[in-house]
2 protein chains.
Amino acid sequence: MAGSTDKREPDRGAGLSRERILEAAAQLGARDGLEKVSMRRLAQALDVWPMALYRYFDDKDALLDAVVARATDDVARPDPAAPWREQIRGLLSSAREALGGDALRLGAQLPRALLTPGAVRLADDALRVLGEAGFGAREAPRAWRTLLSYTVGFAAVGTERDADFEYGLQRLLDGLEASLPARSSGRREAVRGRP
Amino acid sequence: MAGSTDKREPDRGAGLSRERILEAAAQLGARDGLEKVSMRRLAQALDVWPMALYRYFDDKDALLDAVVARATDDVARPDPAAPWREQIRGLLSSAREALGGDALRLGAQLPRALLTPGAVRLADDALRVLGEAGFGAREAPRAWRTLLSYTVGFAAVGTERDADFEYGLQRLLDGLEASLPARSSGRREAVRGRP
DNA sequence: ACCCTCCCGTGTACGGCGTACACTAACCGT
DNA sequence: ACGGTTAGTGTACGCCGTACACGGGAGGGT
């Protein structure tokens, strides 16, 4: 194996490196999904024996971590001249592309049941509540998606600190409430019926 | 194997069922982490041969999906008498517990690099921007955690629809901005210095 | 010119994984 | 009594991550 260059060209296409490995891993991940990347397949793509990779990374986890780190490296820096909301918005849009994009496909990492069957019952309840609160047919699902994204993301990033979860949830609900047409803020008469 | 009951007691402790399998899987997951649950280990815990599980579930993914679905089943129903914010809050708090709790440990499913090294650079930029926007030393990290949770969650739940991501992000920023002490809303003079 | 050392990639091997497939022992309604 | 159905048994295959011992070639000190 690895016999293509024979002996001339001491370091050109041949010769591994962290960078070459990461590049190949990202490419393989983009094509087949990151979860299909195995040390053996990756090694084969590099025309090398699997154990060669271990010269450059402690284990598969370390390699995968490096792939993720690489992907988030080229998240755009914020432009300090812009208003803060715009800076944050740019940062996060860019981060979302990196995370959900072809190279990582974050969604594929976790049990798919999270996103469909299990979520249905929740969604039923939630959409009813939001509808009664005054969200229209177009806004209610978006609002729900927003709330669920926050919740799933928070659970994934770390369980600790209920208070932090509450903080963000309240800010989010504030923002959603402010987007409601008019109506009085939080009273309990809007519970049933549709005028 | 499975020789403990021998022949009497046609169906007591012995005899598999979807429920018994899910129970054992959840228990095993709570103890060692869901990612360590394998068909073989699960079968062993049930004192049965691995292939027996396939009478009840198409494959491992289906089984894991069912575990997740089961965990989300006992998310509390909202109390229709409460204000809508309270209903949503309860729903999501409960959901977060189910997702991040012992049985699932959602965070362990995805590459850990997401949460520490890769995120550091982002966090540096973001905390600076938030600090300059007027968030205090206590609020800025919470605000950032909220924003990142939303972004990660959205990326995990599905890549599609930029517009949906924008919708939620704007609501969230609205809520965060409203929590700012006083100051004028979005101008660009607050960029440097600390009065 | 020599050897020695170090580095990098090669092989081999092991234990664990998911699961396809063929089988058997017990149970059932007739 | 008996054929069919069902639940669990074994065996086997191909994949996985990786521990470990090895060889061969490049580079430097003498």
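The following questions and answers concern a predicted model of chains A and B with DNA strand C.

User: How are residues, chains and ligands labelled, and which pLDDT values apply to this predicted model?
Analyst: Residues are numbered from 1 along each chain as its sequence is written, while chains are lettered from A and ligands numbered from 1 in the order in which they are written. Totals for chains, interfaces and linings use all residues, side-chain atom pairs count only at pLDDT 80 or more, and local features need pLDDT of at least 70.

User: In what order do the elements of chain A run from the N terminus?
Analyst: Helices (H or I, at least four residues) and strands (E, at least two) are DSSP runs, numbered from the N terminus. Chain A has seven helices and zero strands. The order from the N terminus is α-α-α-α-α-α-α.

User: What share of the 195 residues in chain A is buried?
Analyst: A residue is buried if 20 or more other C-beta atoms lie within 10 Å of its own, exposed if 12 or fewer, and partly exposed in between, with C-beta atoms placed from the backbone. By that count, the buried share of the 195 residues in chain A is 36%.

User: What rotation superposes chain B on chain A?
Analyst: Copies are superposed by least squares on the C-alpha atoms of residues with pLDDT of at least 70 in both. The RMSD is 0.1 Å and the shift along the axis is 0.0 Å, with a rotation of 180°. This is the relation of a two-fold axis, and the rotation asked for is 180°.

User: Which helix gives the largest share of the side of chain B that touches chain A?
Analyst: Two residues are in contact if their C-beta atoms, placed from the backbone, lie within 7 Å; 71 residues of chain B are in contact with 71 residues of chain A. Helices H3 (60-73), H4 (84-100), H5 (117-133), H6 (139-157) and H7 (162-178) of chain B each give two or more residues to this side. The largest share, 14 residues, comes from H6(B).

User: Why do the copies meet through the same surface?
Analyst: The interface residues of chain B can be checked against those of chain A. The copies meet through the same surface because the part of the interface residues of chain B that are also interface residues in chain A is 100%.

User: Which residues have the most contacts inside the largest nonpolar core?
Analyst: A nonpolar core is a set of buried Ala, Val, Leu, Ile, Met, Phe, Trp, Tyr and Cys residues joined through C-beta atoms within 7 Å. The largest has 102 residues. Not counting residues up to four places away in sequence, Ala25(B) touches Val37(B), Leu42(B), Leu63(B) and Val67(B). The residues with the most contacts inside this core are Ala25(A) and Ala25(B).

User: What covers the buried residues of H1(B)?
Analyst: In H1(B), the buried residues are Ile21(B), Ala24(B), Ala25(B), Ala26(B), Leu28(B) and Gly29(B). What covers them includes H2 and H3 of chain B.

User: Is Arg18(B) partly exposed or buried?
Analyst: Arg18(B) lies in helix H1 of chain B, and its C-alpha atom is separated by 9.2 Å from that of Ala66(B), 48 residues apart along the chain. Arg18(B) has 14 C-beta neighbours inside 10 Å, so it counts as partly exposed.

User: Which residues come nearest to DNA strand C?
Analyst: A residue is near a strand if its C-beta atom, placed from the backbone, lies within 6 Å of it. Helix H2 (residues 39-45) of chain B gives the most to this surface, with three residues. Of the 18 residues around DNA strand C, the nearest are Trp49(A), Met51(A), Ser38(B), Met39(B) and Asp59(B).
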